[in-house]
Amino acid sequence: MKLDIIGDIHGCFDEFSSLTKKIGYNWESGIPIHPEGRKLAFVGDLTDRGPNSLKVIEVIWSLVLEHQDAYYVPGNHCNKLYRFFLGNKVQIAHGLETTVAEYKALNHKEQSRIKNQFMNLYENAPLYDVLDQGKLVIAHAGIREEYIGKKHSKVKTFVLYGDITGETHEDGSPVRRDWAKSYQGDAYIVYGHTPVREPRIINKTYNIDTGAVFGGKLTALRYPELDTVSVPSSMPFVEEKFKSFS
């Protein structure tokens, strides 16, 4: 199994296109296809904050569902967009407003098409993906070893939001425990959710959210090689969005 796992895209379509081309994918058919049969995988948070969320949805829907040639797990922003499309009352803030603005600019037919594509993508996605005979787990915000193979509500909360304590920082962001520091499992865990300046590699866990939408980089982890490849972001740099670990 040869994969290229992409960190949180957040609507940064140009960076997604550049990164896939850099690692050998061809876009002649309108979607990224690798000549050697490598497949893409996505850690979630495809949309929100960046300039081209709907274009990202279209390509990843096509890859995952139409061509069955990629893997996708949802992130918390994916979950929120899904709830918006269901008609649930959600706060159109924290990035969702950019995706909603793109969506509302479409005509009714195009709105229906993109809504159906995303809802199908989300509804067919696993909460997290266990691949390569259990050697690799892709989960948006990570996963504890004892949660692998389980799907109860605590697992869903962890996978979407991280190891949250229920407390909040002064800026309103949730307090999270550093679960990766104590991970001792055999499987490689590849995740995103928490922007870091450089990929964070600790105890067989790989955080590859390098803050593309905050002016950092978009990163791919090549598996099984375990090499990371990045392209710079075109977005303004927002230093306070990046987490540093002691």
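Glutamate 58 is partly exposed, with a relative accessible area of 27% (buried is under 20% relative accessible area, exposed over 50% and partly exposed in between, with a 1.4 Å probe and protein chains only). The model is a predicted one, in which local features need pLDDT of at least 70 and side-chain atom pairs count only at pLDDT 80 or more, while totals for chains, interfaces and linings use all residues. Residues are numbered from 1 along each chain as its sequence is written, and side-chain values use heavy atoms, with hydrogens and water left out.

Helix H2 itself covers residues 53-66. Its 14 residues reach 19 Å from first C-alpha to last, close to the 20 Å expected at 1.5 Å a residue (the expected span is 1.5 Å times one less than the number of residues). Buried residues of H2 include Leu54, Ile57, Ile60 and Leu63. Among the elements that cover the buried residues of H2 are helix H1 (13-22), strand S2 (39-42) and helix H4 (96-104). After H2 comes glutamine 68, with a positive phi near 50°.

Turning to the whole fold, the protein chain holds six helices and twelve strands. Its radius of gyration is 17 Å, close to the 18 Å from the globule rule for 246 residues, so the chain is as compact as a globular protein of that length (the radius is taken over C-alpha atoms, and the rule is 2.2 Å times the number of residues to the power 0.38). Of the 246 residues, 53% are buried. Of the contacts between residues at least 6 apart in sequence, 60% join residues at least 24 apart (contact means heavy atoms within 4.5 Å).

Alanine 187 counts as buried at 8% relative accessibility. Beyond neighbours within four places in sequence, alanine 187 touches Gly134, Lys135, Leu136, Val137 and Lys204. Strand S8 pairs in the parallel sense with S5 (residues 136-138) over three bridges (two strands pair if DSSP finds at least two bridges between them), and tyrosine 188 is the bridge partner of leucine 136. S8 also pairs in the parallel sense with S10 (residues 205-207), again over three bridges, where isoleucine 189 stands opposite threonine 205.

Ten salt bridges are found in the whole structure. In one of these, aspartate 163 meets arginine 177, with the closest N and O atoms 2.8 Å apart. Aspartate 163 sits in the loop between helix H6 (153-161) and strand S6 (164-168) and arginine 177 in the loop between S7 and S8, so the pair ties together parts 14 residues apart in sequence. Aspartate 163 is buried at 6%, whereas arginine 177 is partly exposed at 43%.

Note on methods:
Helices (H or I, at least four residues) and strands (E, at least two) are DSSP runs, numbered from the N terminus. A salt bridge is a side-chain nitrogen of Lys or Arg within 4 Å of a carboxyl oxygen of Asp or Glu.
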